[in-house]
Amino acid sequence: MKRKIEKVAVLGAGVMGTGIAAHLANCGIPSVLLDIVPKPSEADEKQGVDTSSAAFRNRLATSSIELAIKNRKPIPAFYHDRFAELITPGNFEDHMDWLGECDWVIEVVVENLDIKRKVFGNVEKHMKKGAIISSNTSGLPIKGMTEGRSAEFRKHFLVTHFFNPVRFMRLLEVVAGPDTDPGVVDFIAEFGTDVLGKGVVFGKDTVNFVANRIGIYGMMRTIKEMIDRDYTIDEVDAIVGQPMGRPKTAAFRTADLVGLDVIKHVTQNCYDNLPDDEEREIFKPPAFLEELIEKGKLGNKTKGGFYTKDKDKNILVLDHKTGEYREKQKVRIDSIGVAKNTDDPKKRLKNYVAADDRAGQFAWTVMADSLIYAGRRIPEIADDIVQVDNGMKWGFNWDMGPFEAWDAVGFKESCERMKKEGKQLPPIAEAVLEAGGEGFYKEQDGKRMFFDLASKSYKPVPIDPMSIDLAALKKAGKEIAGNSGASLIDLGDGVICCEFHSKMNSIDADTIAMLEKGLDLLDEKDEYIGMVIGNQGENFCVGANLMLIFMSIQQAKSSDDPKEAEQIWQMLEGTVKALQDVLMRCKYSPKPVVAAPFSMTLGGGMEISMGADRICAHADLFMGQVELGVGVIPGGGGNKELLIRHLEGIPEKAGNVNLTPFLQQVFEAIGMAKVSMSAHEAMGMRFLRPSDKVVTNKDHLLGTAKRMVQAMHLEGYTQPLPRKVHLPGEMGHATFRMVIDSMAKQHQITEYEQEMANKLAWVLCGGKTSQNIPVSEQYLLDLEREVFIDLCRQEKTQERMQFFLMNNKPLRN
């Protein structure tokens, strides 16, 4: 009988425990969240709180759930607040018998071996027979945690190390003990991948496992280099962040985000428990880190760590030599500027570490030592380099893992440089050279191969059968057509993918042309049954290319010839109409079109998604019509599609229905530039329909979208019929205008925001019409395009666009 996870117990209601319970709920898995019974406070005694009540005894778990719902920064723990109902709060004293109903028990208590042993002793008394038991420890040994436990307990025990925030961080480290049943490991890995949407890395039972071992070494090596060569904290963060393919938070901002106490714990754990590590002294916490912790400056959670803010919200940075804060300085080094303007991450890194300036020298030294250290950890912390590379990408948000980065900078050349500098290569690098390899990875017969140290040969990188790799398909010659903005790729089985690859996947003429080409192929060739619109970039699509729009406007403004200027305006309108037309073709294609949005899906990206027959969205979907922030309304059909979604279910001939509440929801969504914080929120906002699908594992997104196309084809797809809608017209607009004008008089909105709001309301109400006259989709498209262009002509809109392009945030004018 196949094992199932129908209910989970999470032991420990701290940030991590609550995050794990929340993500289980996100994936439809009920859980019980237990913590200790709190001690009564003086306030409790004064207020006469009944300390025997469930409300008091379950307080820690209950309050943690409530806080998780309330706290939406940096990202909500729940995909939707209603999912919190799947968590039942309790306590260790009254509710351990609940474990008898649970298929998986996850321990997330404090990182103290004695406390964990006590918890596991209690778990064994109450657990369901055959249940899986795991610890979320970040580095304590399995042997120590399971001391005194039965063979049956140890058989079902392993480490499942989630990363914080649980919902957003993809990495799940799975570590088996010497007695763990391999079937348990395989099941948890499959469940973690397919249900929880995690990227699973198999580590070994060593100190801090995989990602934290490599990541904390990199941070501490960076700190040592900073001290030795007299760099500043803000200077180092500018050097080791995005130019090196790392997050914007770089080193010290990341430490503030994680918590300096956590950093200290992880690095101290390495120092105390790795007596034979060749770099052990690197892990000794520096004095200035100890001093910050002693002062209670633990990072973001205490509003002060390596960085803080003064009373005027100015960012201050720690001077590690004096222990005092000073104003953060702008770091200007040539190689950093070049790196920021290089889109290709491999080329960027290679050129950056080769630069002979203050940034390049620092980056190379830290990187070289980090690569060597990672190389020496194979097979100590993991059997192969794929586990380490994935761990750093999924757990630390690196663009490339250490071995991928080593290849990117030139494997042989960098090995030679290391040797010249007196560095000793790790055994795995020497083995690659001896085998005549060009690097740790290579392409062979259309497959990606990695160098395996144990066999000293190349082996195929494991492939998830549910995933589709667009880059690999292109290398295999599956690109049907392409230009600088997009490509058409054959996914097999008659399904085409239109992949965007412009900067930020923004929409331009090339994007539109490739959508047109894809639809032409569906019309002309029987071998193609449908199309997926998707890509594997950082974001699905951030909307129209605002810079191109702004440049067209400026060109029209600067022209001395009125006819030429008007021609430019007509060309801009033509581009907007081309987007409208291609999205109408998507919607009414004789073959199914499925959009696969994820992450930022804004403005035109949302319009493209709504133009498809169905949407297959990744759960982390930040979708919204945000055009008003730059002074315009949606122009590609966003108003029309949101209207239709909100009016669905109302009979076309229901002329006496009060439409104002429905239009108000659309008006607020566009006028307030509302952005969903998940696909489930997007569904609640009617950006998605109930027939659309949500996928938790991003790697499965395109594969699932492809199967949706196939299923629609097999079911006998028929294209939808055009729909007409009834809108209140000028009478409805008068109602909206009254409210908008009132908001302006009360100074809730600016004068220009009042003008934009009135124009938006005019479009949503249908312009010059009345509720008894049905209007077509084309009528609504013409209306929104007319208003879009009219707003583009306004000086205030142009100011907004320019401000946004320069500052990446909206202007209120």
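**A sheet and a loop residue**

Mentor: Strand β13, residues 447-452, pairs with β14 in the antiparallel sense over four bridges, where pairing asks for at least two bridges found by DSSP, and a strand is a DSSP run (E) of at least two residues, just as a helix is a run (H or I) of at least four, both numbered from the N terminus. This is a predicted model, in which local features need pLDDT of at least 70 and side-chain atom pairs count only at pLDDT 80 or more, while totals for chains, interfaces and linings use all residues. Residues are numbered from 1 along each chain as its sequence is written, and side-chain values use heavy atoms, leaving out hydrogens and water.

Within that pairing, F451 has Y458 of β14 as its bridge partner. The whole sheet is open and has three strands in the order β12-β13-β14, with antiparallel pairing. Because β12 (441-444) and β14 (457-460) each have a single partner strand, they stand at the edges, and one side of each is left without a neighbour in the sheet. From one strand to the next the twist averages 40 degrees, on a scale from 0 to 180 degrees between N-to-C directions of axes fitted to C-alpha atoms.

As for the loop, G197 lies between α8 (182-194) and β8 (199-203), and with a relative accessible area of 8% G197 is buried (under 20%; exposed is over 50% and partly exposed in between, with a 1.4 Å probe and protein chains only). Leaving aside residues up to four places away in sequence, G197 touches R170, G192, T696 and N697, contact meaning heavy atoms within 4.5 Å. From C-alpha to C-alpha, G197 and L171 are 9.5 Å apart in space, although 26 residues apart in sequence.
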